[in-house]
Amino acid sequence: MTKTHGGARPGAGRKPTGRQEARFRLTPGQTGTAKALGGPGRLQHTLTAQKEKTMKTKIDPSDLTDEQREAFVEGWECAGGSMNDVESDTPWCMPWEYASEIEVTGDDPEAWGEQYWAQCRAEVLELTRGDLENEASKDEPDPEMIDRLRGQIARWEREEAAQIEKA
C-alpha cells in the first residue's frame, strides 16, 4: 500500500520570505515586557529603524571591538574631528576611555564616529579657543601652535556655519 497524501512534494510548504528565525532566551519578566511592548513586530520595527538611521540608540563604547574602535576613530577624523588630544588619557575621539554610553544611529562604527564628532564639536571648539588664549598669553608663545589652533578653530567655525545654513 502506497501513501497518496502527505510528505514532500514539489511546490509544497511555506514559501521563503527572506527572513531567518532567531531565538532569544528571556526571563519571565523580560518575556512579559517584550509582549507588552509589541512582541516580535516591535523588535522588527526597532531593528529596521536602527538600520535605517531613523532611531537613536545608546551604546556602551567600551563594548566596541578593536576593529570597531578603529572605524570609529576613522569616522571621527574624516568628519574633521580634533586629534590634538590623542596622546592624552581620555582623548575626545575615544569615548570608550571616559564615557559609559553615547547616543548614535545606525550600525556603522565609522558613522558613529562622525556623529559623535558632530555632538562634541561645540565643546571641543570652546576648549580649543581656551587653549589658543592660554598659548597667546604666555611669555613666549609658540607661533606654530597658535597658527595650528587658529586654523582648526576657523575650519570648525566654517563647518558649524555650513550646518546651520543647511538647517
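1. Glu67 is exposed, with a relative accessible area of 67%; exposed means over 50% relative accessible area, buried under 20%, and partly exposed in between, with a 1.4 Å probe and protein chains only. This residue belongs to helix H3, where helices (H or I, at least four residues) and strands (E, at least two) are DSSP runs numbered from the N terminus. Between the C-alpha atoms of Glu67 and Gly81, which are 14 residues apart along the chain, the separation is 19 Å.

2. The structure is a predicted model, in which local features need pLDDT of at least 70 and side-chain atom pairs count only at pLDDT 80 or more, while totals for chains, interfaces and linings use all residues. Residues are numbered from 1 along each chain as its sequence is written, and side-chain values use heavy atoms, with hydrogens and water left out.

3. Confidence is expressed as pLDDT, the predictor's confidence in each residue, from 0 to 100. The protein averages 87, and 96% of the residues score at least 70. Where pLDDT is low, the predicted coordinates should not be read in detail.

4. Which residues touch the most other members of the largest nonpolar core? They are Phe72, Trp76 and Ile102, in a core of 22 residues. A nonpolar core is a set of buried Ala, Val, Leu, Ile, Met, Phe, Trp, Tyr and Cys residues joined through side-chain atoms within 4.5 Å. Two or more residues come from each of H3, strand S2 (102-105), helix H4 (109-136) and helix H5 (143-166). H4 gives the most to this core, with 7 residues. In soluble globular proteins, nonpolar side chains tend to be buried together.

5. The largest pocket holds about 720 Å³ of space. On a 1 Å grid over the protein atoms alone, a pocket is an open set of points where a 1.4 Å probe fits, with protein on both sides within 12 Å along at least five of seven lines; lining residues have an atom within 4 Å of a point. Grid points are joined across faces, edges and corners, and the volume is the space filled by probe spheres set on the points. Of the 19 lining residues, Ala22, Phe24, Pro40, Leu43 and Gln44 are the closest to the centre of the pocket.

6. Helix H1 (28-36) and H2 are the elements that give two or more residues to the lining of the largest pocket. H2 supplies the largest share, 8 residues. By type, the lining comprises 8 nonpolar, 7 polar and 4 charged residues; Ala, Val, Leu, Ile, Met, Phe, Trp, Tyr, Cys and Pro count as nonpolar, Asp, Glu, Lys and Arg as charged, and the others, Gly among them, as polar.

7. How many disulfides does a search of the whole structure find? The search finds 0, a disulfide being a pair of cysteine sulfur atoms within 2.5 Å. Cys78 is in no disulfide, and the nearest cysteine sulfur, that of Cys93, is 12 Å away. For Cys120, the closest cysteine sulfur is also in Cys93, at 10 Å, too far for a bond. Cys78 counts as exposed, at 58% relative accessibility, whereas Cys120 counts as buried, at 5%.

8. Two loop residues may be set side by side. Lys53, in the loop between H2 and strand S1 (56-59), counts as partly exposed at 44% relative accessibility. Its C-alpha atom is 30 Å from that of Leu127, 74 residues apart along the chain. Ala79, in the loop between H3 and S2, is partly exposed, with a relative accessible area of 25%. Ala79 and Ala111 are 32 residues apart in sequence and 9.2 Å apart in space, C-alpha to C-alpha.
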